[in-house]
Amino acid sequence: MRMMFRFTIPVEKGNAAISDGSLAEAIEALLAEHKPEAAYFLVDQGKRAGMVFIDIADPAELAHINEPLFAKLDAAIEIMPVLTAEDLRRGLP
């Protein structure tokens with residue numbers, strides 16, 4: 001199932017993670033390991049943020065994706081299933 005992971009990183013933790021290189025390491029690991037369909041990075045309400053779209057087969061993958069962001073970046077994470085336009089077309093009567 002295609003999922004959107006939206007995360008925000010507290011400013012202080014983000015600043016420290018930029019300085020010590022752990023922000024780049026965490027993002028690169030996420031991208032390399034989970035090979036998202038798309039990934040976007042932005043500023044949301046003054047915080048560093050990202051939206052990563054990943055197709056997962058097993059719900060257990062959620063913890064594997066979440067925990068590094070929680071542990072390394074103190075990220076707040078939202079997860080939601082998403083549809084492409086084609087998914088929506090197939091689902092509508």
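Me: Which residue takes a positive phi in the hairpin of β2 and β3?

Reply: Gln45 does, with a phi near 50°, in a hairpin that has two residues between its strands. This is a predicted model, where local features need pLDDT of at least 70, side-chain atom pairs count only at pLDDT 80 or more, and totals for chains, interfaces and linings use all residues. Residues are numbered from 1 along each chain as its sequence is written, and side-chain values use heavy atoms, with hydrogens and water left out.

Me: What is the order of the strands in the sheet?

Reply: Strands of a sheet pair through backbone hydrogen bonds, either parallel or antiparallel. Here strands (E, at least two residues) and helices (H or I, at least four) are DSSP runs, numbered from the N terminus, and two strands pair if DSSP finds at least two bridges between them. The sheet is open, has four strands in the order β2-β3-β1-β4, and pairs in the antiparallel sense. β2 (38-44) and β4 (76-81) each have a single partner strand, so one side of each is left without a neighbour in the sheet.

Me: What should helix α2 span?

Reply: The expected span of a helix is 1.5 Å times one less than its number of residues. α2 (residues 22-34) has 13 residues and should span 18 Å; its end C-alpha atoms are 18 Å apart, which agrees. Just after α2, Lys35 takes a positive phi of about 40°.

Me: Which residues of α2 are buried, and which are exposed on the other side?

Reply: Buried means under 20% relative accessible area, exposed over 50%, and partly exposed in between (1.4 Å probe, protein chains only). Ser22, Leu23, Ala26, Ile27, Leu30 and His34 are the buried residues of α2. Seen down the axis, they fall within an arc of 135° (taken from the directions from the helix axis to the C-beta atoms), so they line one face of the helix. Glu25 and Glu28, on the other side of α2, are exposed.

Me: What covers the buried residues of α2?

Reply: Contact means heavy atoms within 4.5 Å. The cover includes β1, α1, β2, β3 and α3 (61-73).
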